[in-house]
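I opened my notebook to look up charged side chains. I wanted to know where they sit and how they pair.

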Amino acid sequence: EMRQRLRAMGAGAVQARTFHSAALRQLRFFWPKVYGTELPNLTESKIPLIRAAAQRQRINVDQAQARDLASEIEWSKVSNVHPDDYPKSAEARGREVGGLTPAMVGHIYAAYEDVKRTQARMDMEDVLLLTAGLLEHDARVAAQVRRQYKWFTVDEFQDVSPLQSALLDLWLGGRSELCVVGDPAQTIYTFAGADAAYLRDFPKKHPGATSVELVRNYRSSPQVVKAANKILEGTPSAGVQLQAQRDSGPAVEHVEQPDEVAEAEGVAAEILRLHQSGKPYNEMAILFRINAQSEAYEDALTARRIPYVLRGAARFFDRPEVREAVTRIRGAARGGQGAVIGDELLESVHGILAGMGWTSEPPEGRGQTRDRWESWQALIDQARTFSAAGGDLAGLVAELDRRA
């Protein structure tokens, strides 16, 4: 019935697609007609190409660095940063890949593009770039696409990248048949090139656009909504002043702790208290910022026999870098260092983890390299606490096994 009504209004089919799937569909249709050749194969992963590119540059990269390079190349391409311009852009925007200079990343990025072309492959960012190039340089293709796609609605517009914005402009071709929905406070892909300015500046780019503010919050209590409004006040992410629709709930509490262990112990104790007062465990959750923080919470919960499910990350002692580190520490203990205590214990653990890539200073930025460092640092913090209590290396291994 809805389709019949749309057809009666002169509308065609309604399609719901991501930017990438819509672009890929257009590429597969138009590329052979325009260029008379097959479309390059879409690569499933950048990692093998990045390893080949790094080898060409005689730069050794491990698995974590390869993943971070993949993310950095993705950011560069959606932000329209050319390999030659990468070092300057990276320094200006404070971007880093752990263990590699911006110049090295730029060289690997350039070699990655060469390897990809040699193998007649394209990545997901190329899908958008090639589609944009096709629409920009072939008026017939652009006209056909614009005839077929008349109205656009883009959801989560705060997470649109410069490349997606440019492609959307080409699809529109100067028309104003566009509706966007978004919230600058919910931007989560800035690290990957998203820019909430496209949402904030939408009325400037499209004069006469109608803005509809969705201020009613049906999810959270008035106390939570008030706290959220307060936190966003005066920040670039501030959008609308939310209005709670639910009944009143408990006050939002803010508790400071001296360190991570005390924080985890306090959270676990509060969960136990709530459970004993009748609150089911499956109605409680702990949110934490980085994977390495989970170990303190896992230990505090386990000590109180509180059941838990970890989501979004592997258990601390199941992570590859942690398993390997514990194996190496165990090997050192069996190899004659088991009785070392105090500062010698800590120096021994430092040496073992340094051999795996740990450094006294954390790598800049976020990513796999930083996550791995955080895991190693959590082990060093445990070793420091254990050595201060007078334990030896063999005892530390037993303690790590118990926690695992």
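I looked up E361 and found this residue exposed, with a relative accessible area of 58%. Buried means under 20% relative accessible area, exposed over 50%, and partly exposed in between (1.4 Å probe, protein chains only). This is a predicted model, where local features need pLDDT of at least 70, side-chain atom pairs count only at pLDDT 80 or more, and totals for chains, interfaces and linings use all residues. Residues are numbered from 1 along each chain as its sequence is written, and side-chain values use heavy atoms, with hydrogens and water left out.

E361 sits in the loop between helix 16 (342-354) and helix 17 (368-388). I noted that helices (H or I, at least four residues) and strands (E, at least two) are DSSP runs, numbered from the N terminus.

**Entry: backbone angles.** I read that most residues other than glycine have a negative phi. E156 has a positive phi, near 50 degrees. I placed E156 in the loop between strand 3 (152-154) and helix 9 (162-172). E156 is partly exposed, at 42% relative accessibility. R305 also has a positive phi, near 60 degrees. I found R305 in the loop between helix 14 (294-303) and helix 15 (320-337). R305 is exposed, at 78% relative accessible area.

**Entry: salt bridges.** How many salt bridges does a search of the whole structure find? I got 24. A salt bridge is a side-chain nitrogen of Lys or Arg within 4 Å of a carboxyl oxygen of Asp or Glu.

E125 is in helix 7 (residues 124-137), and K46 is in the loop between strand 1 (41-42) and helix 3 (47-56). The two are 79 residues apart. Are E125 and K46 buried or exposed? Both are buried.

Next I checked D169 and K205, which form a salt bridge with their closest N and O atoms 2.8 Å apart. D169 lies in helix 9 and K205 in helix 11 (residues 202-205), so this pair ties together parts 36 residues apart in sequence. D169 is partly exposed at 31%, and K205 is partly exposed at 45%.

I also looked up R273 and E270, a salt bridge with 2.7 Å between the closest N and O atoms. Both lie in helix 13 (residues 260-276), three residues apart, about one turn of the helix. I noted a network as well: salt bridges that share partners join K77, E113, K116, D123 and D126.
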